[in-house]
Amino acid sequence: MYTTLITAEQLQALKANEARLMVFDCTFELMKPDAGAQQYRAAHIPGAVYANLDTALSAKHGVAGAHGVVVAKEEGPPASGGRHPLPSREKFAAWLSSVGFANDMQAVVYDRNGANYCGRLWWMLKWMGHEAVAVLDGGLQAWQATGGAVTDREEPSHFQSNFVTGEPLVRLVDTKTVAARLAQSDQTLIDARAPQRYRGEVEPLDPIAGHIPGALNRPFSENLGPDGKFKPAAQLRAEFESLLAGHEPSTVVHQCGSGVSAVPNLLAMQVAGLGPTALYAGSWSEWSNTPGLPTRQGAEP
């Protein structure tokens, strides 16, 4: 069972041994929502299922109404807010079943984006109680560099399965919880956005610039080495311990803009032996749109 990272060579061995396995391609581009699917169609690992961030890994955006957010009956209430709200666990289980994913399968997730988007599916499967899920270290680029085949063929449909949800293996926190624990010792926020967005110098996506007061900044890309793979565990551990400066790793809550790019930090801490830690999925996009909550610009003192 692979539960954090898997190498291209290890994935090749699983495929050669015809293991009970499903591979997911999570390639996506925020500014070009259709680009990920196009890249998948042009080249993907044979047999891989495409997992679209907007349609498979997020709930539909609700419509603001007089009494809160109005959601479609067939969707059900989302499990978080923000620009990429988590779907309900029931809705996500239905999607997993529709693509044929079963509880006894090993899942391998990858993208072309430095683990930015596939981390979302890794975390969501853990949230569903599924332990056997791993991120392909180095993504599609590493797969191709080791001679792994890619294809542009249309993949056949899978038979419907019956994925059964279990107890979550990860911790999800909401805006109310984060707000109640601001400046308390039992919560340490880590913001995965680029430094310029964290400091509020630019904001290309959300209406307000800045960060949650007290949040530390570690851009998710800092977890990767020049080869696009996660840094060694010892190096990751040293870097996070330096960032935390004495704060207990167990108090960490990860966030970013919409809860997606925060996951590579969460995964890196687990690889480093500093997990488990929590995810604030609504992140800055929900926080900054919630009336009455404080925001801050510039660097933390």
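This is a predicted model: local features need pLDDT of at least 70, side-chain atom pairs count only at pLDDT 80 or more; totals for chains, interfaces and linings use all residues.

Student: What's the strand order in the open sheet of five strands?

Tutor: S1-S7-S6-S2-S3, with parallel pairing. Strands are DSSP runs of E, at least two residues, numbered from the N terminus, and two strands pair if DSSP finds at least two bridges between them.

Student: Which strands stand at the edges?

Tutor: S1 (5-6) and S3 (49-50); each has a single partner strand, so one side of each lacks a neighbour in the sheet. S1 is joined by two bridges to S7 (residues 133-136), with Ile6 opposite Leu136.

Student: And S2, buried or exposed?

Tutor: Mostly covered: five of its five residues, 21-25, are buried (under 20% relative accessible area, 1.4 Å probe, protein chains only). Leu21, Val23 and Asp25 are on one side, Met22 and Phe24 on the other.

Student: What are the bridge partners of Asp25?

Tutor: Tyr110 in S6 and Tyr50 in S3. S2 pairs with S6 (residues 106-110) over five bridges and with S3 over two.

Student: New topic: by class, what's in the lining of the second largest pocket?

Tutor: There are 10 nonpolar, seven polar and three charged residues. Nonpolar here is Ala, Val, Leu, Ile, Met, Phe, Trp, Tyr, Cys and Pro; charged is Asp, Glu, Lys and Arg; the others, Gly among them, are polar.

Notes: Residues are numbered from 1 along each chain as its sequence is written. Side-chain values use heavy atoms; hydrogens and water are left out. Helices (H or I, at least four residues) and strands (E, at least two) are DSSP runs, numbered from the N terminus. Buried means under 20% relative accessible area, exposed over 50%, partly exposed in between (1.4 Å probe, protein chains only).
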